[in-house]
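I set out to record what could be looked up in this structure, entry by entry.

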Amino acid sequence: MTANNGKGPGFELEYGEKLYKNNCVKCHGEQGEGKENKFYPRIQGQHFQYIFRQMLWIQNGKRHNANEKMTKQIHGFRLRELNAVVDYVSRLKPDDDITATPDWKNPDFKKGLINATTVQKELNQN
Ligand code: HEC
């Protein structure tokens, strides 16, 4: 995990926080720390773009190991909800002791920030 993970555009953080508390906390925890004993993954400290993509894949069934309850939970989310909640999640901070040095870059991370337009295009293709 990197300290400088990419954040979202930041214009609907209050809405994102509300969505997170109502839909995600019970599994992923207040700070996105997850619940190891239940196999709910840690989602803090990750790139906005990465989380956004996972959320889309979980929502549209492209991610086959997805948790059924979670898929149901986000079933009705439109792009606005996804954007807001993912933006909020991208700002949840892991504890310092599990954070990589600030200059660490995830080699899997592709350039180019995902945004509502690219997401819409992707949705139209499916
Ligand atoms: C019923 C419990 C549950 C709820 C509610 C839930 N999740 Fe999940 N989530 C899971 C489980 C279990 C996984 C791991 C399995 C999988 O890949 O789907 C997961 C996976 C994820 C991942 C992928 C993590 C990774 O490293 O690839 C993200 C991101 C995520 N959840 C975000 C959210 C957000 C945001 C919400 C609220 C809108 C939410 N989840 C609601 C249980 C839940």
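**Overall layout**

I read the elements of the protein chain from the N terminus on as α-α-α-α-α-α. I counted 6 helices and 0 strands; helices (H or I, at least four residues) and strands (E, at least two) are DSSP runs, numbered from the N terminus.

I note that this is a predicted model, in which local features need pLDDT of at least 70 and side-chain atom pairs count only at pLDDT 80 or more, while totals for chains, interfaces and linings use all residues. Residues are numbered from 1 along each chain as its sequence is written.

I looked up the confidence next, with pLDDT being the predictor's confidence in each residue, from 0 to 100. The protein chain has a mean pLDDT of 87, and 85% of its residues reach 70 or more.

I then checked burial, for which a residue is buried if 20 or more other C-beta atoms lie within 10 Å of its own, exposed if 12 or fewer, and partly exposed in between, with C-beta atoms placed from the backbone. Of the 126 residues in the protein chain, 24% are buried.

For contacts, I took two residues as touching if their C-beta atoms, placed from the backbone, lie within 7 Å. Of the contacts with a separation of 6 or more, 77% join residues 24 or more positions apart.

I found helix 5 (residues 79-89) mostly covered, with 8 of its 11 residues buried. These are L82, N83, A84, V85, V86, D87, Y88 and V89.

How do helix 1 and helix 5 pack? The angle between helix 1 (residues 13-23) and helix 5 is about 90°, and their axes are 7 Å apart. I note that axes are lines fitted to C-alpha atoms, for helices over the stretch in contact, and that angles run from 0 to 180 degrees between N-to-C directions. Helix 1 is therefore roughly perpendicular to helix 5, a label that covers 65 to 115 degrees. Helix 1 brings L13, Y15, G16, E17, L19 and Y20 to the contact, and helix 5 brings E81, A84, V85, D87, Y88 and V89. I sorted the residues of this contact into 8 nonpolar, 1 polar and 3 charged; Ala, Val, Leu, Ile, Met, Phe, Trp, Tyr, Cys and Pro count as nonpolar, Asp, Glu, Lys and Arg as charged, and the others, Gly among them, as polar.

**Ligand shell**

I looked up the 23 residues around the ligand, of which C24, C27, N67, K69 and M70 come nearest; a residue is near a molecule if its C-beta atom, placed from the backbone, lies within 6 Å of it. Helix 2 (25-28), helix 3 (48-60), helix 4 (68-73) and helix 5 each supply at least two residues of the shell. Helix 3 gives the most, with 4 residues. The shell divides into 14 nonpolar, 6 polar and 3 charged residues.

**Loop between helix 2 and helix 3**

I located K35 in this loop. K35 counts as partly exposed because it has 13 C-beta neighbours inside 10 Å. Not counting residues up to four places away in sequence, K35 touches C27, G29 and Y40.

F39 is placed in the loop as well. I noted its positive phi of about 60°, although F39 is not a glycine. With 9 C-beta neighbours inside 10 Å, F39 counts as exposed.

I found 9.3 Å between the C-alpha atoms of H47 and V86, which are 39 residues apart along the chain.

Definitions and conventions:
Parallel < 35°, antiparallel > 145°, perpendicular 65-115°, else oblique.
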